[in-house]
Amino acid sequence: GLESPWVLAPQPDRVAVVTGGTDGIGYATARHLARLGMRVIIAGNNTGKAQEAVRQIQEETLNDKVEFLYCDLASLKSIRQFVQTFKKKKIPLHVLVNNAGVMMVPQRRTRDGFEEHFGLNYLGHFLLTNLLLDTMKESGSPGRCARVLTVSSATHYIAELDMEDLQGSYSPHGAYAQSKLALVLFTYHLQRLLAAQGSPVTANVVDPGVVNTDLYRHVFWGTRLIKKLFSWWFFKTPDEGAWTSVYAAVTPDLEGMGGRYLYNEKETKSLAVTYDLDLQRELWARSCQMTGITDVTPDTFSG
Ligand SMILES: NC(=O)c1ccc[n+]([C@@H]2O[C@H](COP(=O)([O-])OP(=O)(O)OC[C@H]3O[C@@H](n4cnc5c(N)ncnc54)[C@H](O)[C@@H]3O)[C@@H](O)[C@H]2O)c1
């Protein structure tokens, strides 16, 4: 159901973009935000499914300000087009939920030639966020910041980031984990930049826990069987998995706070290496090059 463990204030006049809002955790996140009265834009690459998701959310929440905008995160061009279309609407943006992702897909490349986990999960959101930042800066105010929330995963704890080999040697699990580690480093650097600029925008990272979604479709069949048999016992439902994202999107407890890794609505430490300022900076610089963004990191900004 739509029950949530805390009472959240209605959010009329607030606008959210949720990537991957057609399925799983993203769908549940979009629905929760819609129920709070937000205008919710689902960004995704599955038009048929999205139309159905929009219809269902509108029906259940009685909020008709829910819509779909096409965005294929595996294509830098598509992301740029999405942002252009979004900006033509001339509406603010208060919450960006970087939620879409793929896991353990076979080795393949995005339109732009990046390994898919790295390109879609990480670089796609890197570009999307950077292109939407000006709108978010205009939409936030000192007492009520706009919020960037990025969905990582506990898998990042066992990840390695090889700066010299960001998308070379490949293992399905390693590539997924690396993309989720990169998202944590990205969030911390983004938060430092925003704070240094005095921007009314915060950036946090959320870990949804282990959630029963289709994300597992590429996992070994034996593991999937075990999941099927025991999911009721150790998996969260998508609604439960979305709680940390929804909480981070609206709770007054986190007003003005960024650079946090949130798990079960609480701040938790991420992998030690994610706090390495030089690594954050280097990944940021390379990501700017890969996506054609200007690196605005000040020279004084290092470890
Ligand atoms: N399910 C879990 O146990 C778990 C655990 C930790 C983190 N996560 C993270 O949660 C997020 C949501 O995953 P989920 O479990 O709901 O899985 P899911 O497969 O149900 O949802 C993934 C979403 O991403 C979208 N997507 C995939 N490729 C896309 C593309 N090219 N362009 C745009 N959208 C695209 C899909 O359409 C879908 O809506 C992911 O980032 C995942 O890594 C999930």
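Residues are numbered from 1 along each chain as its sequence is written. Because the model is predicted, local features need pLDDT of at least 70 and side-chain atom pairs count only at pLDDT 80 or more, while totals for chains, interfaces and linings use all residues.

**The nonpolar core**

Begin by selecting A16, L33, V40, I42, L96 and A249, the residues with the most contacts inside the largest nonpolar core, which has 85 residues. Such a core is a set of buried Ala, Val, Leu, Ile, Met, Phe, Trp, Tyr and Cys residues joined through C-beta atoms within 7 Å. A residue is buried if 20 or more other C-beta atoms lie within 10 Å of its own, exposed if 12 or fewer, and partly exposed in between, with C-beta atoms placed from the backbone. Next, colour helix 5 (residues 172–197), which supplies the largest share of this core, 12 residues. Helices (H or I, at least four residues) and strands (E, at least two) are DSSP runs, numbered from the N terminus.

Then centre the view on V40. Leaving aside its neighbours within four places in sequence, V40 is in contact (C-beta atoms, placed from the backbone, within 7 Å) with A16, V18, A30, L33, A34, K65 and V66.

**The ligand shell**

Select the ligand and the 28 residues around it, of which G20, G24, G101, T213 and L215 come nearest. A residue belongs here if its C-beta atom, placed from the backbone, lies within 6 Å of the molecule. Helix 1 (residues 24–35) gives the most to this shell, with 3 residues. Coloured by class, the shell has 13 nonpolar, 12 polar and 3 charged residues. Here Ala, Val, Leu, Ile, Met, Phe, Trp, Tyr, Cys and Pro count as nonpolar, Asp, Glu, Lys and Arg as charged, and the others, Gly among them, as polar.

**Two partners of helix 8**

Display helix 8 (residues 277–291) with helix 4 (residues 116–139): they pack at an angle of about 80°, with their axes 10 Å apart. Helix 4 is therefore roughly perpendicular to helix 8. Axes are lines fitted to C-alpha atoms, for helices over the stretch in contact, and angles run from 0 to 180 degrees between N-to-C directions. Angles under 35 degrees count as roughly parallel, over 145 as roughly antiparallel, 65 to 115 as roughly perpendicular and the rest as oblique. To see the contact, select L123, F126 and L127 in helix 4 together with S287, M290 and T291 in helix 8.

Now bring back helix 5, which packs against helix 8 at an angle of about 100°, with the axes 9 Å apart. Helix 5 is thus also roughly perpendicular to helix 8. From helix 5, A182, L185, F186, Y188 and H189 make the contact, and from helix 8, L279, Q280, R281, L283 and W284. This contact has 7 nonpolar, 2 polar and 1 charged residues.

Select D13, in the segment before strand 1 (15–19). Its phi is near 70°, a positive value in a residue other than glycine, and D13 is exposed, with 10 other C-beta atoms within 10 Å.

Move to M104, in the loop between strand 4 (95–98) and helix 4. Phi of M104 is near 55°, again positive in a residue other than glycine.

Finish at P200, in the loop between helix 5 and strand 6 (201–207). Draw a C-alpha to C-alpha distance from P200 to C145: these residues are 55 apart in sequence and 4.7 Å apart in space.

Definitions and conventions:
Contact = placed C-beta atoms within 7 Å.
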